[in-house]
Amino acid sequence: MTDAARHERFEAAYRELYAPICGYTLRRVREPEDAAEVIAETFATLWRRFDRCPQGDELRPWLFGVARRVIANQRRGERRRSALGERLIENLDRDVFETADSAQESSSLARAFASLSESDRELLSLVAWEGLTREELAVAFGTSRAVVRLRLHRASKRLHAALPPTQVRFTGGQEHEWT
């Protein structure tokens with residue numbers, strides 16, 4: 001393949017996948033500068049591995065997997081750099097931080113979602129926000145569809161268990177208070 005053809009194929013992939021990767025990244029990274037770094041590193045990886053990466057329908061979930069690993073690497077680096085800061089925060093009054101957090105997590109679904117492990121939140125987010133199928137999740141996580149199906153089932157059960165019990169039940173078309 002000529003350099004011009006490779007460059008053209010890469011540009012087409014970039015145009016198609018830039019918005020989904022940006023959305024994915026911006027929902028997971030707090031600082032815009034950090035998000036920009038993740039996006040740049042994700043597409044730099046795509047460029048470096050373009051001749052060896054999956055093509056067609058598998059390219060999109062593969063790139064989500066790349067972005068996921070770039071974010072994980074960035075988070076590990078942040079944790080290493082901020083170990084002293086975390087120790088200092090532990091000594092501060094937690095009530096100040098809990099008040100700010102509770103305002104952001106007002107709904108019971110948001111609280112239940114936040115109570116899940118990071119891997120469960122990531123898996124459910126890829127399905128709900130990014131619209132990935134089980135097959136695409138398998139590519140993104142580098143595992144089999146059976147493993148994805150099992151992890152998705154377990155994550156959904158944990159989310160359901162973290163939700164408060166329903167206050168209304170339906171029987172025979174009638175609505176009744178649940179006490």
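# Surface charge, salt bridges and a buried loop residue

Q: In which helix does Arg80 lie?
A: This is a predicted model, in which local features need pLDDT of at least 70, side-chain atom pairs count only at pLDDT 80 or more, and totals for chains, interfaces and linings use all residues. Residues are numbered from 1 along each chain as its sequence is written, and side-chain values use heavy atoms, with hydrogens and water left out. Helices are DSSP runs of H or I with at least four residues (strands are runs of E with at least two), numbered from the N terminus. By this assignment, Arg80 lies in helix 3.

Q: Which residues gather with Arg80 in a patch of positive charge on the surface?
A: Arg80 counts as exposed, at 62% relative accessibility, where exposed means over 50% relative accessible area, buried under 20% and partly exposed in between (1.4 Å probe, protein chains only). A patch is made of residues with over 30% relative accessible area and no salt bridge, like charges being joined within 9 Å and nonpolar side chains within 5 Å. The patch of positive charge that holds Arg80 also takes in Arg76, Arg79 and Arg81.

Q: Which residues form a negative surface patch with Glu33?
A: Glu33 is found in helix 2, which covers residues 32-48, and Glu33 is exposed, with a relative accessible area of 53%. The negative surface patch comprises Glu33 together with Glu31, Glu37 and Glu78.

Q: What N to O distance is given for the salt bridge between Glu130 and Arg28?
A: A salt bridge is a side-chain nitrogen of Lys or Arg within 4 Å of a carboxyl oxygen of Asp or Glu, and the structure holds 9 of them. One of these joins the side chains of Glu130 and Arg28, linking the loop between helix 7 and helix 8 to the loop between helix 1 (3-26) and helix 2, across 102 residues. Both partners count as buried, Glu130 at 7% relative accessibility and Arg28 at 12%. The N to O distance of this pair is 3.4 Å.

Q: How many residues apart are Glu118 and Arg75 in sequence?
A: The side chains of Glu118 and Arg75 meet in a salt bridge of 2.9 Å, N to O. Because Glu118 lies in helix 7 and Arg75 in helix 3, the pair ties together parts of the chain whose separation in sequence is 43 residues.

Q: Is Asp120 buried or exposed?
A: The side chains of Arg158 and Asp120 meet in a salt bridge of 2.5 Å, N to O, which links helix 9, where Arg158 sits, to Asp120 in helix 7, 38 residues apart. Arg158 counts as partly exposed at 41% relative accessibility, whereas Asp120, at 5%, counts as buried.

Q: What is the C-alpha separation of Leu132 and Phe64?
A: Leu132 is found in the loop between helix 7 and helix 8 and is buried, with a relative accessible area of 5%. Not counting residues up to four places away in sequence, Leu132 touches Arg60, Pro61, Phe64, Leu126, Val127, Leu137 and Ala140, contact meaning heavy atoms within 4.5 Å. Leu132 and Phe64 are 68 residues apart along the chain, and their C-alpha atoms are separated by 9.5 Å.

Q: Which helices are included in what covers the buried residues of helix 8?
A: Helix 8 spans residues 134-141, and Glu136, Leu137, Ala138, Ala140 and Phe141 are buried in it. Just after helix 8, Gly142 takes a positive phi of about 65°. The cover over the buried residues of helix 8 includes helix 3 (59-81), helix 7 (118-128) and helix 9 (145-162).

Methods:
Accessible areas come from the Shrake-Rupley method with a 1.4 Å probe; for residues, only the protein chains shown count as cover. Lys and Arg count as positive and Asp and Glu as negative; His and the chain ends are not counted. The place of a charge is taken as NZ of Lys, CZ of Arg, CG of Asp or CD of Glu.
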